[in-house]
Structure formats: structure tokens, C-alpha cells
Amino acid sequence: MNQTLLVQISDLHIREPGRLAYGRINTAPYLEKAVVAINRLPQTPDAVVITGDLTDFGRVAEYEHLRDLLAPLTVPVYMLPGNHDERHVLTQCFPQLDYLESTLANQYTQYVVPVGPLRLIALDTSVIGQSSGVLCAERLAWLEQALIDNAEHPVVIAMHHPPFNTLIGHMDQIGLLQGGPELEQLLRRFSNIERVICGHLHRPISTRFGGTIASTCPAPAHQVCLDLSPTAESAWCLEPPAMQIHAWDHQARRLVSHLALIEDFEGPYPFHEGGKLID
């Protein structure tokens, strides 16, 4: 196969079994559908990365429910915390995930793992008890060393809070409020960074950043309403759920990203019949 596939899902907001997020939506069945969609992709992914807000309140029962919901996935799963998570509870509830072990000894959930020829660098932007994100000098120094150590590989950086303003006012108010300019300056030093992939926004958004492309991923359940007013109401809606598929083209040596809907829909239907375009 001449491709390496990294599937991104984000902002699961899993509650305890039977509990509703925001008193209205059961997010668990939506994640179940996402897992089914990932497992039935025509090409088997090499890994799944979940860019934060795994649970709604970071409780043990929520992570235990999440563990059961993710169990049917047949490929490696890499997780990082968002502002709704509690990183130490996450680590305690997933003891089988070696890449999370350092979280118990360190303050942040940060690691580097290979995904085919790619190097996935997980960068922790969360602050426990705070909705907005931070990249302090310590985290940026860790990232700098990780980039130096992996300068010979194409790199994908995964983080929860996007390091750019999305123009959705109420979300930018709880975005990455510290370290964004320093991150952009750091990334410009490395030409091998293919993507910065983020969560938090519950929408597909992309922009140029630090000499590469930074993007956010929609959620498997609820989305943030699209309103580009600085005074936009803090609200969510049930637009079609989706995920991102980041495909490394081994021949062209570039990353190609696709938005993939999770819900069932009609098709596939053929364009041609008997070698001719159907009239």
C-alpha cells in the first residue's frame, strides 16, 4: 500500500452510561457510529488520534465508558486531553496505553509515536479547571526538542486548542490564550511539519500557520454553530457528524487530508456502465 492513514476524531464528550451531555444529547451512540465507520473504511487506518475532550467532566466512570466504546477499534488509538478532561484520571483508566505512562510522572500528556513514516507529536494545551488553553515555556521547550529529534521524518502535531483565531467569537475567547505566537515562530524553523491538527471547535476549519497548515476537526456528535460574529451565541447544533482522514502519499511525500462524514447515506452508485458514462 502506498499510503499511511491517520484518522482523527475529536471532542467526544462521553458521559457516564445513560447521562446526557448538556442535559440533552447522549453522545455515546454517536461515538459507536464513528467506530463502526472507521472499522469499515475501504483502507484500514494505521492509527486513530483523538484530539481532546474525550469525556465531559473527566470522571472515572466517563473514562470507563469511553474505554468500552473504543474497544471495537482494531488499530492503535492515541489520545490527548482537552479542557473537559483530567489527564491523570485518563492515564489511570487506560493503564494498557504505554504512551500515557509518562503522564503519571510529568505534568503534561505529551509524547511522540510513529505512524508509518510519520511522527505524531501530541502536545498538551489543557489546564485543569480552565476552558482556555496554554502553551507555556516548558511545553514549548519540550516540543522544540521533539522536533529536533524527529527532523528526518514528516511530522503531524496534534493538540486540543487551535493556535489561531477561528472568528467564532465565543470559542476564540476560550481558545489558546498563551503561547500561540511563540508556537508559530518555532514551527517556521522546521520544514518537515505536515499538519497541526486540533480539536475544541467541533467544526472543520483550516488556515496557514507557522509555514504549514493548521486545522480543526468536527465532532462525532454535536457541532458548534457556525456564526462568525465576535458576539456569537455559545450554542451547538446537530449538523452531520464527521471525522478527518490524513493520508500520507508515500510517492509524492505529502499529506492529503479528507473530511469524511460518519452518518449513513445512499451509494455508492456507478458513473459508468459498459465502459460508457451512464446517459
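Student: What does A37 touch, leaving out residues up to four places away in sequence?
Tutor: In this predicted model, A37 touches M243 and I262 once those sequence neighbours are set aside.

Student: And where does A37 sit, buried or exposed?
Tutor: A37 lies in helix α1. Its relative accessible area is 7%, and the cut-off for buried is under 20%, so A37 counts as buried.

Student: How far apart are A37 and I262, in sequence and in space?
Tutor: They are 225 residues apart along the chain, with their C-alpha atoms 6.0 Å apart.

Student: OK, M243 then. Which residues does M243 touch?
Tutor: With residues up to four places away not counted, the list is V7, Q8, I9, A37, I38, L41, C217, P218, H258, L259, A260 and I262.

Student: Which residues have the most contacts inside the largest nonpolar core?
Tutor: M243 is one of them, along with L31, I50, L66, M79, F94 and L120. That core has 51 residues, and α1 gives the most to it, with six residues.

Student: What about a second core, what's in that?
Tutor: There is a separate core of 26 residues, and among them are M159, L183, F209 and A214. As background, nonpolar side chains in soluble globular proteins tend to be buried together.

Student: How many residues sit between β14 and β15 in the hairpin?
Tutor: Four, and R253 in that turn has a positive phi of about 55 degrees.

Student: Switching to charges. How many salt bridges turn up in the whole structure?
Tutor: The search finds 11. One of them joins D264 and R40, with the closest N and O atoms 2.7 Å apart.

Student: What does R87 pair with?
Tutor: R87 forms a salt bridge with D124, and their closest N and O atoms are 2.9 Å apart. R87 lies in helix α3 (residues 87-93) and D124 in the loop between β5 (118-122) and β6 (133-134), so this pair ties together parts that are 37 residues apart in sequence. Both R87 and D124 are buried.

Student: Which residues are linked in a network of salt bridges?
Tutor: R15, E16, R19, D56, R59 and E62. Within that set, E16 and R15 form a salt bridge with closest N and O atoms 3.4 Å apart, and both E16 and R15 are buried.

Student: E62 is in α2, I think. Which residues of α2 are buried?
Tutor: E62 is on the list, together with Y63, H65, L66, L69 and L70. They cover an arc of only 160 degrees around the axis, which puts them on the same side of α2.

Student: And what do they pack against?
Tutor: Against α1, β2, β3 (77-80) and α3.

Student: Now α5. Which of its residues are buried?
Tutor: R139, L140, L143, A146 and L147.

Student: What's on the face turned away?
Tutor: The exposed residues A137, E138 and D149.

Student: What span would you expect for α5?
Tutor: At 1.5 Å a residue, its 13 residues should span 18 Å, and the end C-alpha atoms are 18 Å apart, which agrees.

Student: Last one. Where does Q178 lie, and what is Q178 in contact with?
Tutor: Q178 lies in strand β8 (residues 176-178). Neighbours within four places aside, Q178 is in contact with G133, V134, L135 and C136. Its relative accessible area is 43%, so Q178 is partly exposed.

How values were computed:
Residues numbered from 1 in each chain as written. Predicted model: local features only at pLDDT ≥ 70, side-chain atom pairs only at ≥ 80, totals over all residues. Heavy atoms only, no water. Salt bridge = Lys/Arg side-chain N within 4 Å of Asp/Glu carboxyl O. Buried < 20%, exposed > 50% of the residue type's maximum accessible area, 1.4 Å probe, protein only. Helix = DSSP H or I, 4+ residues; strand = E, 2+ residues; numbered from the N terminus. Expected span 1.5 Å × (residues − 1). Core = buried A, V, L, I, M, F, W, Y, C linked by side-chain atoms within 4.5 Å. Contact = heavy atoms within 4.5 Å. Pairing = 2+ DSSP bridges. Arc of directions from axis to C-beta.
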